[in-house]
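Please look over the sequence and the structure below before reading on. The paragraphs that follow go through the model part by part.

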Amino acid sequence: MTMKNLVLVCAAAVLGLSVAPKLFSPAEVSFAQEKLPPPSREAAQYSFSPIVKKAAPAVVNVYVRTRVQTFDSPFANDPFFRQFFGRALGRPSERVMSSLGSGVIVSPEGLIVTNTHVIKGGGDTAIRVALADKREFDAKVIAQDEKADIAVLKIDGAEGSFPYLRFDDSDSLEVGDLVLAIGNPFGVGQTVTSGIVSALSRTEVGQSDSQVFIQTDAAINPGNSGGALVDMSGRLVGINTMIYSQSGGSVGIGFAIPSNLVRLYADSAAGGRKVERPWIGAKLEAMSHDIAQGLGLNRVSGAVVTRLYDKGPAADAGLEAGDVITAVDGVEVVDARGVYYRLTTKGIGQSARLTVLRSNKPVDVNLPLVGAPKPGKDDAKNLSGNHPLDGARISNILPSVADELGLDQSEGVVVTSVRDGSTAQTFGFKPGDIIAAIGADQIANVDEAEKALSTRKRLWQISVKRGERVLQLQVPG
């Protein structure tokens, strides 16, 4: 066998052609070398069609209809006017808002994964899914996580087996691998686009500390969110989530949530469990040029341990402030998000091997993966009463709470959740808001917050720290 024939045999294998070396004609060799028109039916008819036929029936269109109440008055959206002037703002009217996206069936029972931003509506929301064979069903949300942007739905009231996609190991992907994106862009109907894996472990584009993305140049547009990214075996390797675009359309930079994280949420939802992120008891930051220079490192890569909590898993395992985590279980990580992603997909109850640079020397640390300690009964309270925080749940800022909410402090009181339709939601309180002061009282714990809110005031004055800003709310009592 000549080297030329060997190259053509390898090319044929990649394309799925069953061709023996002796069958190559001089014309076919010329076609391969000089990029001439294909000389044979076999060479011309290579197609992604078999992969699409396998994968497309499991990709659904997701339609979300939300009924929201609006008012005629331009002041209706102001919490102050809506709270105290009520009907004077005008007659309420009901408006139906519609949105669309995509989803992927991942079990024969009709379990669907999609993005949280696809199904998030608030108010009275109805979700309907349309299959590739034109059947339509109602669906209900059984799990969702806004930080990970993953939601799990279940087809409601249907019997029988549904077409579904099997998960593949997203860690096995390599840059340059062929992939297909399947979804419902712009509502035109199911569409398939092809491309390659452009990059792996993208962390700069997400909002959550555990978000890591696959980057692809397969065309992804509005409506593709929640759809499938499949490999050449027809298995699910990612959920298409967002694009980088200045025009609103595809420019060849799309991002998908890796299937290994999606599978964790799907399996947990199917088992009636909530995904619990490991708590390491340490604060990690991405490496910067200044930090690398200060530590005497020649690479700006890795996650720096900047703080350890006493008796936390990281401290007990032997991590030290100033350590630089460069790999988890032998897989390189470039920043803190990469570490959190690896630990999350590994799962509670396991142990992870961290490769650490300490004084410029590699050290291995075995870190047990445990759940965050739960707040005690006096550490968190649901607030109710005639005050602006009615309907909010607050908690003392324990180390685990600070980790979960991404807070830079470990003292004070933070809002952990806000009930839909509550007074607290009306006034714009959000999870992560730190209650710094109520009136003249500085708030250090939950008991002090409850006490400050228990006395009726003529004017409520509440100081709220949100990120780097301090907001002042003043409301008549």
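**A walk through the predicted model**

Leu 178 is partly exposed, because its relative accessible area is 38%, where buried means under 20%, exposed over 50% and partly exposed in between (1.4 Å probe, protein chains only). Leu 178 belongs to strand S7, residues 178–183; helices (H or I, at least four residues) and strands (E, at least two) are DSSP runs, numbered from the N terminus. Together with Tyr 46, Ile 196 and Met 232, Leu 178 forms a nonpolar patch on the surface, with about 290 Å² of accessible area in total. Patches are made of residues with over 30% relative accessible area and no salt bridge, with like charges joined within 9 Å and nonpolar side chains (Val, Leu, Ile, Met, Phe, Trp, Tyr) within 5 Å. The areas come from the Shrake-Rupley method with a 1.4 Å probe, and for residues only the protein chains shown count as cover.

This is a predicted model, in which local features need pLDDT of at least 70 and side-chain atom pairs count only at pLDDT 80 or more, while totals for chains, interfaces and linings use all residues. Residues are numbered from 1 along each chain as its sequence is written, and side-chain values use heavy atoms, with hydrogens and water left out.

The protein has 477 residues, of which 42% count as buried. Its secondary structure consists of 13 helices and 25 strands. The protein exposes about 24,600 Å², and carbon and sulfur atoms supply 50% of this area. Among contacts (heavy atoms within 4.5 Å) between residues at least 6 apart in sequence, 58% join residues at least 24 apart.

The pLDDT, which is the predictor's confidence in each residue from 0 to 100, averages 81 for the protein, and 79% of the residues score at least 70. Over residues 1–23 the pLDDT is below 50, and this stretch has 16 contacts in the model beyond near neighbours in sequence. Residues 71–75 also have pLDDT under 50, with 11 contacts beyond four places in sequence. Where pLDDT is low, the predicted coordinates should not be read in detail.

Ala 314 is found in helix H9, residues 313–317, and counts as buried because its relative accessibility is 0%. Leaving out residues up to four places away in sequence, Ala 314 touches Ile 280, Gly 281, Ala 282, Leu 308, Leu 319 and Leu 367. Leu 297 sits in the loop between helix H8 (289–295) and strand S14 (303–308), and is buried because its relative accessibility is 16%. Beyond its neighbours within four places in sequence, Leu 297 is in contact with Met 287, Ala 292, Val 324, Leu 357 and Asn 360. Leu 357 lies 60 residues from Leu 297 along the chain, with 9.4 Å between their C-alpha atoms.

How many salt bridges does a search of the whole structure find? There are 12, a salt bridge being a side-chain nitrogen of Lys or Arg within 4 Å of a carboxyl oxygen of Asp or Glu. One of them joins the side chains of Asp 145 and Arg 277, at 3.1 Å from N to O. This pair links distant parts of the chain, 132 residues apart: Asp 145 is in strand S5, and Arg 277 is in the loop between helix H7 (259–270) and strand S13 (282–286). Asp 145 is buried, because its relative accessible area is 13%, and Arg 277 counts as buried at 15%.

Asp 323 forms a salt bridge with Arg 358, with the closest N and O atoms 2.7 Å apart. Asp 323 is in the loop between H9 and strand S15 (324–328), and Arg 358, 35 residues away, is in strand S17 (residues 351–358). Asp 323 is buried, with a relative accessible area of 1%. Arg 128, Glu 136 and Asp 138 are linked in a network of salt bridges.

Aromatic rings are the last topic. Rings of Phe, Tyr and Trp (its six-membered ring) pair if their centres lie within 6.5 Å; planes under 30 degrees apart count as stacked, over 60 as edge-to-face and the rest as tilted. By this rule the count comes to 2 aromatic pairs. The rings of Phe 137 and Phe 162 are edge-to-face, because their planes stand at 85 degrees, with the centres 5.4 Å apart. Phe 137 is in strand S5 (residues 136–145), and Phe 162, 25 residues away, is in the loop between strand S6 (150–155) and S7.
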